[in-house]
Structure formats: C-alpha cells, structure tokens
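This report covers a pair of packed helices and the sheet beside them. Please look at the sequence and structure first.

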Amino acid sequence: MRNIVLISHGGMADGVKASLEMIVGKQEHVHTVSLKPDGDNLQFSDDLEDKMKALNGPVWILADLLGGTPCNVALKNYLEDEQVEIIAGMSLPLVIEAVVNQAATVQELLHSTVCQASDVKAKMAQKDDNTTGATTEVNLADYQQFAGKANIINTRIDERLIHGQVAGIWTTSLNVQRIIVVNDEAASDPLQKTSLRMAAPTSMRLSVLSVENAVKYIQAGKYGNQRIFLLFKNPTDVLDYLEAGGQLDSVNVGNMSYKEGAIEVTKSIQVMEQEVTVFEKIADKNVKLTAQLVPNEPAIDFMKKLRD
C-alpha cells in the first residue's frame, strides 16, 4: 500500500485528513506536513524530510497549490525520486480517490477527479426538468428469467442514504452497478429524488423506490444481473420490506444518528427503544445483522452488541 502525504499552507492538510477519516475511517498510511503560519521554506523542507525518512515504499505527495511553497519544496527535493509522485490541487475528492483506488495511476486519478465543482442550483433545476412527466409503465413479464434472482451484494441501513461513505467507498469496493434507495418518503418527493441523483456517482444507476415497488421490481428481476446495493433509511423500512415479501440474507447497519433518549450501540449507531424491537423482529426472520461503518473495518455482530 502506498503512503500518501498531504502538504499545505497552514492547517488545510490536517483538515482534509480529518474529513477523509470521517468518511473512510482511520488511515494510518495518510500523513500531513504543513507550512506553519510563522514558518518558511526551510521549516517546511525540514518537516517534510523528517516525514519522508520515516516512510517505506512508494509515496504520493498531494500539495494544495501548484507553485506554492509546499509544492515547490517537494518538487525540489523529490523530482528525481522514482518512488515519489507529486500532485498539485489537493481536494477531498482527490484524496478519497487516491486512498480508495490503490490501483490507480496518477493519470487515472486526475482523470477521475477533473473539476468536481458544480453549480448545484442549476443542476437541481435541470434534474427537476428531467423528472417531470409521466412515468413509463414497466412490463415485469419482460424480466421473468431473472425473477427471484436479484444480485444484491450489500444491504445497508444508513440514515444519510447516499453520502461519502456510500458513494465513494462502498460502491467502489463492491463494484456496484446500481444503488436502490428504499424509502416511501424519498420515492414520493421529487426534491429528495433529485438530491439523491446528484449525490450518486455519475456512472452509477440509481433507483429511488417505495417499499412496495422495491419488493415488486426486485423480486420480479427487473434489474437482471446488475450488482445491486440496497439502501434503507431506517430499520422499519427493512422490516416492512421483509413483511411485504422481500428477501434478504443480511443487513449492514451503518449510520443512525443520535436522538433524545437513544441508546448508543456504536459511535455511529444510536437506536431508539422502539427500534430495538424492530431489529429483534428482523433478526427473527433469519436475517444476519452486522455493524460496519466502512469496508476496511471489521464487521461486528450487531444483535450481540445491541443486546449487551
């Protein structure tokens, strides 16, 4: 695994690393070096050299600004080092991609993260225009060969639905082809559907369905052999899905935020008393429940943790 060193003026590098670890978990191979407010090129060069001496193997240096002191110092010191790559224009999406996609070359990394800035209001308006109009009737008989054979590679409860962990980490690590969000409220709200489409990776197919339609379409084989990531907002939707005839072998509990009176199961999972009953009913249907924030963390037995 390559080491990644984030370098910046001031605290940007530390801030990007902190945000990165909120999304993908602890990253021991990601390091930071900063040009201090009262520092200079000599201070930065010494700090960078000390950091680099402690690392073994290939290193990618991600600098904040092309032509800035951190980038210039790195270039001066490591231009001829074949083990070191230097990239300017550090951003959170760039760092996430560098961490998650260890097989990527520098050119592939840059191609995947070219200008991710967006005029969000304009995109929302464009998406709204595209979602108006009549819904096309689906002939489920066309998918009969896939009925009952849905390729669900992961099922997750995540109160935030599509966000960095789902869009940037889980879908990449599992080679997902379609995200299916199952939630009645989201399925009936054009604004939520549009926001979810914007949050999903651009190359990813996305369906936002009511519980009833999710069961109907998935069981009928509407999505063929596509690798499906099934995403629920809460355990009640999971139980409703199962009681409506949906089939699940396992569910990963990811994020459930704190509410007044909630019980802390893990740092990212806070469960209300009434939800404990819902989880027990899900477990009674022979569904394995695990807690796992990101793929590189171990999955734990959720029901054992809940009952402790």
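Helix H10 passes helix H11 in a right-handed crossing, that is, the near helix is turned clockwise from the far one by less than a right angle. Helices here are DSSP runs of H or I with at least four residues, strands are runs of E with at least two, and both are numbered from the N terminus. The model is predicted: local features need pLDDT of at least 70, side-chain atom pairs count only at pLDDT 80 or more, and totals for chains, interfaces and linings use all residues. Residues are numbered from 1 along each chain as its sequence is written, and side-chain values use heavy atoms, leaving out hydrogens and water.

The axes of H10 (residues 211-220) and H11 (residues 235-243) come within 9 Å and cross at roughly 50°. Axes are lines fitted to C-alpha atoms, for helices over the stretch in contact, with angles from 0 to 180 degrees between N-to-C directions. Residues in contact (heavy atoms within 4.5 Å) are listed below.

| Helix | Contact residues |
|---|---|
| H10 | Val-211, Ala-214, Val-215, Ile-218, Gln-219 |
| H11 | Asp-237, Asp-240, Tyr-241 |

The sheet is open, with 7 strands in the order E7-E6-E8-E5-E9-E12-E13 and mixed pairing; two strands pair if DSSP finds at least two bridges between them. At its edges are E7 (205-209) and E13 (300-301), each pairing on one side only. Strand E6 (residues 178-182) runs parallel to E7, joined by 5 bridges. H10 packs on this sheet, touching E5, E6, E7 and E8, and its direction makes about 130° with that of E7.
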